[in-house]
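Look at the charged side chains in the model below.

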Amino acid sequence: IADDAVSSDDDLAMRLTWISFKVYYNCIQSGIPPSFQAPDQLVAWGTSFIKMIEKPVAFDKETMDEDAAKEPVWKAKKWAIRSINRLYARYGNPALLPASDSKKNMPFAKLFTANFLPQLMQVYLKQVEGYATGQIWMSLRLRGLVAQFLSDCVKEKSAWKLVKPHTEGIVSHFIFPQMCFSRADQELWEDNPVEYVQKRIDPLDDFGSPHVAASSLLIDLAVDRKKSTLSFILSFINNVLTTYAQSPVESRDPRSKDGALNMMGALCGGLCSRKSPIFDTLPDFLLTHVIPEFTSQLGFLRARALDTYCRYSSVQFQDKQVLAGIFESVFNLLSDPELPVRVHAALALQPMIENEDVRDVLSSHLPQVMQMFLNLTNEIDSDTISPVIEEFVEVFADRMAPFAVQLAQQLCDTFMRVMSDAVSKVPEITSANLDDISDKTMAAMGVLKTLGTLVLNLESTPEVVYNLEEVLFPVVRFVLEQRLVDLYDEVFEILDCCMFSVKAVSANAWGLFDSIYMCFTNDGIDFIEEMLPSLDNYVSYGTDVVTSNSEVQARLFNIIETVMKSDRVGENDRICACKLMEAIMLHGRNKIDGMIPGFISLVAAYLLSNDAIETQHFLVYSLEVVLNALHYNPSIVLTVLEQYKWTEGIFTRLLQNASKFTRVNDKKLMILGLTAVLSVPANQLPPALQSGLPQLFEGVLQTFRTLDTAIEAREAIQRMYEGGSDDDDLDNEFEWDGNEDDDFDGGEEEDDDVDDLENEYLKHLAGKASKALGGSGNADIEDSIGSDDDDDDEYDEDALDEEYSLETPLDHIDAYLVLQDRLTEMQALNTGTYNAIMQSLSAESGQFLRSLIDEADKKRNSQAGGNSQQ
């Protein structure tokens, strides 16, 4: 059908072609059927695609516009190119095959690149040439698709050999024109500057456009094949800029300069590196070609100059006055009459505040600057400026307190205006306003993130945070009651930040508890992970209310029970429920006895059922609920276990999986829970445990054997995160080597796929992590990650990550002292049990126990010495 239809010029035939190609495209979205891999099928479909792409279509250069792209013939061309792109990028490019699919799809990829790619490349290059000479019209979407195909070809060796001879033409006649400020850009700038900001400044909003695709192609050429392309690209850019500077003002082409600066901006990631071949010339580049355009008569050049400077803001100038002059110019452009220029000025200020002199000057204008930022946010209704406001709030935290409430109020007003408008459109959503609702939601999300940052950076001034709660919590309530699920994460973070900052739960915060509960009962179960930090804070900082208010306890238990029993959630969500149970037991000691049996029943349903637990993580957290309960009150737990005949099954599961307790707090809980059992009088212990006490105590000793190692590993991780990497320039280590003979993989650049650089980087990071954990730093990523070696563990996954920054009451418990106290108590009150346990120990275990007691004595003496000095 498609092949016959391609040859016709009839609209109906073009519609059939377009639909046929679209069907083909969707058939290969998630996998390529075996029948499609047959050479005869590839030839048949490939021939139809090529015929459609090369099909001549008459057009008028003066009148042709993007509306034509909606016609069937252009849609058919688009879907032909999309199909080829998908076929090549997902299945036919050996350099892009996912590791999981490599073995399955590599034969097809080799067949495709050897037999079909050369002809396809000729077709695409012919389209590029026709577009460059004006003989072929290409819509924005078609240009973007062609650029994406060429980007994929750059990464694969056989395709690169075909592209390489045409690189200069591609850069100068295909990439460059798309990087220049176009007539369409000018119309959008003038007719709808807000949309211009959203589409041209926010790359996510412009994703898939020819501008972004051309920029990505340029980066791939300059970085992945730098030896063959970088010199020409830089020379081309320099020629454009030099020609512009040396031409009389009346004959200059400002759009070409915009394109050249845009190209330089795209390459900033590598060119800013100290190993960049032009690093030393960057200050002159900025002073000669960029900064003078801050005062250009053309708004788009002022905006481009600001954008370029922002990207190269890490470049240092020897004369401090230069930076002062730049700052003054950027600051003044915040008041520019053109909206896109003002937005770019705000973005350019963000990196400048890293300089102490700039911060000192800005501090005196802080209220004025923040007001300008808020005005911009209100104008554009997007989150483009939100990162800038967040950065200012964080950097100037010590100066925010005097007007923090005013700033928060304005941000909340902005939020309510934006979201009230979006909510009003929800009942009658159409394709026309769906994008607008999405943009407004993103803008509101940015405002909420800024508010969270503001609260967190005012932690040292709790009185200000209490005042902020008056302003912020109505917004939180609005989001929860309107069920704006896209914003749950942000509002729960604000609530978390407020309670964490003041280390208390205010009356205003308790006023939100009902809203949170109602939110959970509606659709909030899907967001239990986002709710958990706030719920944990209610328990941690509002313990008095939780332990004395039966209604609060009932609602907390209902949340936990619902999550544990619902088929709607997964084990990660049930882990959240386990964490909440742990918080309640640790903070509510001796005051929530009535909740303990319910907690035990909820986890026993999983621990005592075959195949009910799928992951090691959930297994550990479920067992820790039992250990926490034992630490809370062993008598209550043992009574429940005996009542339902669960004792032997639970303790067997616990001891069998003791090795999975790898983190510091895991091990502490194991020690606290098992030693709590030893404190119960022997005659009150269930029969199943009376004879098993030596095994329980051996479990305690085994845990102690690895406790110090776990503590050292956590401290190493903490040092790694807080102290940073040993390499000051890790990000730039693999970017530009400055050696014309060096390539990414040690071989000839033109003869290899661009894969090895990423592998080397991963290996490097693996080594850094190994060192941080006390290893040699020579970890082989291929051996340690994704290994096919299989042990006998029923849970094939990594151990739990150490949560070194998590604060719990366990932090203040010394396991050595607890063990010593338990043994002393047992020796006095359960002498027979104590003697039986001691006699069961081997000589080595007995010696190890004495070393633990000696360590406890040292700790106790150290504490006594510290207290006496105080």
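A residue is called buried under 20% relative accessible area, exposed over 50%, and partly exposed in between, computed with a 1.4 Å probe on protein chains only. The model is predicted, so local features need pLDDT of at least 70 and side-chain atom pairs count only at pLDDT 80 or more, while totals for chains, interfaces and linings use all residues. Residues are numbered from 1 along each chain as its sequence is written, and side-chain values use heavy atoms, with hydrogens and water left out.

A salt bridge here is a side-chain nitrogen of Lys or Arg within 4 Å of a carboxyl oxygen of Asp or Glu. By this rule the model has 27 salt bridges.

One of them joins Lys-503 and Glu-459, with 3.2 Å between the closest N and O atoms. The two residues lie 44 residues apart in distant parts of the chain: Lys-503 in the loop between helix H28 (488–502) and helix H29 (507–511), Glu-459 in the loop between helix H26 (431–456) and helix H27 (462–481). Helices are DSSP runs (H or I, at least four residues), numbered from the N terminus. Lys-503 is partly exposed at 36% relative accessible area, and Glu-459 is partly exposed at 34%.

Lys-55 and Asp-9 form another salt bridge, their closest N and O atoms 2.9 Å apart. Here Lys-55 counts as buried because its relative accessibility is 11%, whereas Asp-9 counts as exposed because its value is 65%.

In the salt bridge between Asp-666 and Arg-663, the N to O distance is 3.0 Å; both residues are buried. Elsewhere, salt bridges link Asp-258, Arg-304, Asp-307 and Arg-311 in a network.
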